[in-house]
Amino acid sequence: MVGSALDTEELDSMTTEHAAASINAWAVAQQQFDLAADRLNLDPGLRRVLREPRRELTVHFPVHMDDGTVQVFTGYRVQHNLGRGPAKGGIRYHQDVSLDEVKALAMWMTWKCAVVGIPYGGGKGGVVVDPKKLSLKAVEALTRQLTTEISVLIGPERDIPAPDVNTNAQIMAWMMDTYSMHQGYTVPGIVTGKPISLGGSEGRNEATARGCVFTVVEAARHLGIDLAKATVVVQGFGNAGAIAARLMRDEGSTVIAVSDSTGGIHNPAGLDVDRVIAWKSEHGTVQGFPGSRDVTNAEILEIECDVLIPAALENQITALNAANIKTKIIGEAANGPTTPEADEILASRGIFLIPDILCNAGGVTVSYFEWVQDLNRDHWSEEVVNAKLREIMVRAFNETLAMSKREEVHMRTAAYLVAVKRVADATTLRGLYP
């Protein structure tokens, strides 16, 4: 076990929230890599290369606030690996962003791009800020200043940011405009997740959730589960979680519980997903929804269901609560929601887990489609985008499942074996320069 992670005894005395906050995401990411590297018998030198990020940039930048004061914010941009192509990864705005978290997310992006076979390496960025406490004008100023500061790394052939937690198409538009102003011409390929009118792709907003549901459908088919009779719980009712809930409903499933950052709601008879989305839009929370019972984010994970979709933040399913999870399929729409110790507990209990680097790769896959369209000055229909996405996600799921059966490992390790080998092969073929 990596030293910065927690042992079971320490976890037993903690709440789920405390445990999640105490687990170092970078330690988890490296541990997951080590498990695959051990099985692949990676060359020690190659292992050292892939175990660390290629570049880490920390910036401290000033922003004029609405009251006339100047505040200094801290931001990060990390490039984990560039062996298979330019770095790709989101920018998140969150008060708990740390360099270790961004490093972990960048590494996960490397494996995510590799497991679905798109020609990117992994990158990630973030700013330590709660954007909900800022005005729209201040968020724009922060975004433009951040873009300027990290412009030494980003570029349409070098590192392409995208939306992540608390960032969206408008923020990508400001990033694109700022970068383009510095270049003197419009550069739509500098970011993905943009508005359609600025070179965004059809289907990008739904892509993470849609890719997740494509893999859940394949998992249900593999396990012989009828989704038309299945119950679904979604932790994290943001963009990905809310759309995943709607898409699962469209598959005929009954969504019985959802949650957001303020807490969750549960109705064993089922929730009207569209009405819950409207309720949250009006009230800022899903809690208090008529006909449901309020629950905590910790409780929602332990509600009995057929499909559990964690779509919130990292380290939600740990050694503390894994034994209490009562589901058949877990589809990780979030990045890093399950710790390595929890993986083993879930696998021993026969729970089929679709790992994040596969399950939520729909977002980066359609970002890749957007980038290709921008570079070619082309535009594809949503039908074309969704068909291409489904083809890639189904193929990646089946490749991972085949690896799982062949090596007799659970799906997380199988996905890592597929991804790490692809990155290792590319790195080996390119060699060291000079």
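Trainee: Is arginine 144 buried, exposed or partly exposed?
Mentor: Arginine 144 is partly exposed, at 24% relative accessible area. Buried means under 20%, exposed over 50%, and partly exposed in between, using a 1.4 Å probe and protein chains only. Keep in mind that this is a predicted model, where local features need pLDDT of at least 70, side-chain atom pairs count only at pLDDT 80 or more, and totals for chains, interfaces and linings use all residues. Residues are numbered from 1 along each chain as its sequence is written, and side-chain values use heavy atoms, leaving out hydrogens and water.

Trainee: What does arginine 144 meet in a salt bridge?
Mentor: Its partner is glutamate 140, at 3.0 Å from N to O. A salt bridge here is a side-chain nitrogen of Lys or Arg within 4 Å of a carboxyl oxygen of Asp or Glu.

Trainee: New topic! Which residue forms a salt bridge with glutamate 370?
Mentor: That's lysine 194, with the closest N and O atoms 2.6 Å apart. This pair links distant parts of the chain, 176 residues apart.

Trainee: Is glutamate 370 buried or exposed?
Mentor: Glutamate 370 is buried, at 0%, and lysine 194 is buried too, at 5%.

Trainee: How many salt bridges does the structure hold?
Mentor: There are 25 salt bridges.

Definitions and conventions
Helices (H or I, at least four residues) and strands (E, at least two) are DSSP runs, numbered from the N terminus.
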